[in-house]
Amino acid sequence: MTGVLVMGAGSVGCFAGGLTQLAGVPVHFVGRPRVLAALRKHGLRLTDQDGLDRHIPALQLRLHEEPPAGLKPDLVLLCVKSGATAAAATALGLTLPPGTPVVSLQNGIGNADLARATAPALRWHAGMVPFNIAELAPGHYHRGTGGALAAEGEAQDAALSAWQTALSRVGMRLDLHADLAPVQWGKLLLNLNNPVNALSGRPLRDELLQRGYRRALAALQEEALDLLEGAGRPVAQLTPLPPRRLLTVLRLPTPLFRLVAARMLRIDAKARSSMADDLAQGRTTEIDALCGEIVRLAQGLRRRAPLNARMQGLVEAWPRRRRPYSPAELLQALGLS
Ligand SMILES: NC(=O)C1=CN([C@@H]2O[C@H](COP(=O)(O)OP(=O)(O)OC[C@H]3O[C@@H](n4cnc5c(N)ncnc54)[C@H](OP(=O)(O)O)[C@@H]3O)[C@@H](O)[C@H]2O)C=CC1
Ligand SMILES: CC(C)(CO)C(=O)C(=O)O
């Protein structure tokens, strides 16, 4: 590969782009001044829960505030939050040659479609990042959970298979799927924990070790699964347990949950969901791309998704509350107590 462009140098962009550069591919990072200043000062450090600890010196980083004119990357990684997709796609559409492949490494279901509608000359692929990335210090990004990346595409797709080969050199698996929708819905089910985690004010591991929060998550997932079944949409299994079995396990008393879900609890003590970062920094959240997607799924079936709708309301009301929910408060606010 001659070059990859990361659009949105944040947690996912710096980690995925950094790994790609460590695999020997030149990477250009487009990001905000705060992140770029940190990278210029400290370079880019990548660590993970399996012992990875690599540093890319600042002088070896190609940093930009806008997609650079004239660049012809083999592949672009779209790594902005959902609310920034349209603007980022517009900027990419104005600078990149038609046909440039772009993988959306974003959560939610509709980002690649929205980007395609905004910049139809580019070749858009949905993607999926299963693991958590946290910015532990300026310029230091840490993978706190495991799993393989996924993207919509075929082995014959030159850019994607070249990226797959590059990533394999640094121990990262990329799975290609002709249809990524089941994987995206499977990921969305897991992401229904993002609002629970964000409102709990706790790291992911602590939150999941409280039965009340797990009951809230199971209820949100159950509502979503019932609707997905009603819509005839297949859901990929992204955890050791199938989605329906996971509901039972989430509802177990905590000592049993610890035993049964030991693999699921292999999460760094400090890891938090990306939505927790958004609430902490007063940014717009992705709640509409997560619970909002379930509400729209229900509307399409002329049904309702009261729990996901309520959760969306709680997240949107956060600026007026700014106080974490205890498990009992959250269950009550969702009408589950
Ligand atoms: N963090 C995680 O663990 C995971 C995140 N994801 C998903 O990945 C996506 C990215 O998340 P994450 O990396 O956490 O997000 P971050 O907010 O850490 O990173 C995105 C960065 O892109 C910047 N940005 C937005 N628009 C532009 C633009 N037009 N030009 C340049 N920079 C821009 C943002 O700045 P600003 O804030 O100013 O907009 C921000 O600094 C989301 O969809 C998320 O749900 C998926 C799996 C795990
Ligand atoms: C990895 C996971 C599920 C939880 O951190 C996530 O996607 C996020 O934080 O947005």
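How many bridges join strand β11 to strand β12? Four bridges join β11 (residues 149–152) to β12 (residues 174–177), and the two strands run parallel; strands here are DSSP runs of E with at least two residues, helices are runs of H or I with at least four, and both are numbered from the N terminus. Two strands pair if DSSP finds at least two bridges between them.

This is a predicted model, in which local features need pLDDT of at least 70 and side-chain atom pairs count only at pLDDT 80 or more, while totals for chains, interfaces and linings use all residues. Residues are numbered from 1 along each chain as its sequence is written, and chains are lettered from A and ligands numbered from 1 in the order in which they are written.

Both strands belong to an open sheet of eight strands, ordered β5-β2-β1-β6-β7-β8-β11-β12, with mixed pairing. Because β5 (62–64) and β12 stand at the edges with a single partner strand each, one side of each is left without a neighbour in the sheet.

| Strand pair | Bridges | Sense | Partner residues |
|---|---|---|---|
| β11 and β12 | four | parallel | alanine 150 and aspartate 175 |
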